[in-house]
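Hello,

Here is the structure we spoke about. My notes on it follow below.

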Amino acid sequence: MARDDVEDFLKQNRDSADLVEKFQSISESEKQWKFRREFILRNLSEFQDTNIDHLLSLSMVWANHVFLGCRYSQDLMEKVKEMAEDIEVEDAPVFKTRDEIMKQRS
C-alpha cells in the first residue's frame, strides 16, 4: 500500500479510518504517526477485532525500532520488518550500537 493508496483507502473506508485514528499516541509526532498508521492499515485485515491490541503492540515495536533505535529479539524484529515490507520512511534516523562506534575508532 503506497502512501497515496493509504490516503485513498482512508477516504473510501471511513469506518476503518475512524478506528485507526483513535490509536495515535499523544507523544507521537505527525511523521511517526503517518508511518505507524500505514503499518497498522497494511496489517489490519490479519488482526481484526480480537487481536487489534497485538497489532498495535507490533506497530509500536516497529515504530520504536525505526524512530528511536530500540532493539528487540531477532524473531520479533523479523516479524515486524516483514509486516512493514515496502514502507519507506523518509529521513529515518540512523542509529549505531556502541560496538559499531568502537570499531570506527580503532
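In helix α3, W33, F35, R36, R37, E38, F39, I40, L41, R42 and N43 are buried (under 20% relative accessible area, 1.4 Å probe, protein chains only; exposed is over 50%, partly exposed in between). That is 10 of the 14 residues of α3, so the helix is largely enclosed by the rest of the structure. Helices are DSSP runs of H or I, at least four residues, numbered from the N terminus.

A word on the source. This is a predicted model, where local features need pLDDT of at least 70, side-chain atom pairs count only at pLDDT 80 or more, and totals for chains, interfaces and linings use all residues. Residues are numbered from 1 along each chain as its sequence is written, and side-chain values use heavy atoms, with hydrogens and water left out.

Now the aromatics. Rings of Phe, Tyr and Trp (its six-membered ring) pair if their centres lie within 6.5 Å; planes under 30 degrees apart are stacked, over 60 edge-to-face, the rest tilted. By this rule there are 3 aromatic pairs. F35 and F67 make a tilted one, 6.4 Å centre to centre with 35° between the planes. F35 lies in helix α3 and F67 in helix α4, so the pair ties together parts 32 residues apart in sequence. F35 has 0% relative accessibility and so counts as buried. F67, at 10%, therefore counts as buried too. The ring centres of F39 and W62 are 5.4 Å apart and the planes are at 20°, so this pair is stacked. F39 is in helix α3 and W62 in helix α4, 23 residues apart. F35, F39, W62 and F67 form one aromatic cluster.

Best wishes

Technical notes:
Helices (H or I, at least four residues) and strands (E, at least two) are DSSP runs, numbered from the N terminus.
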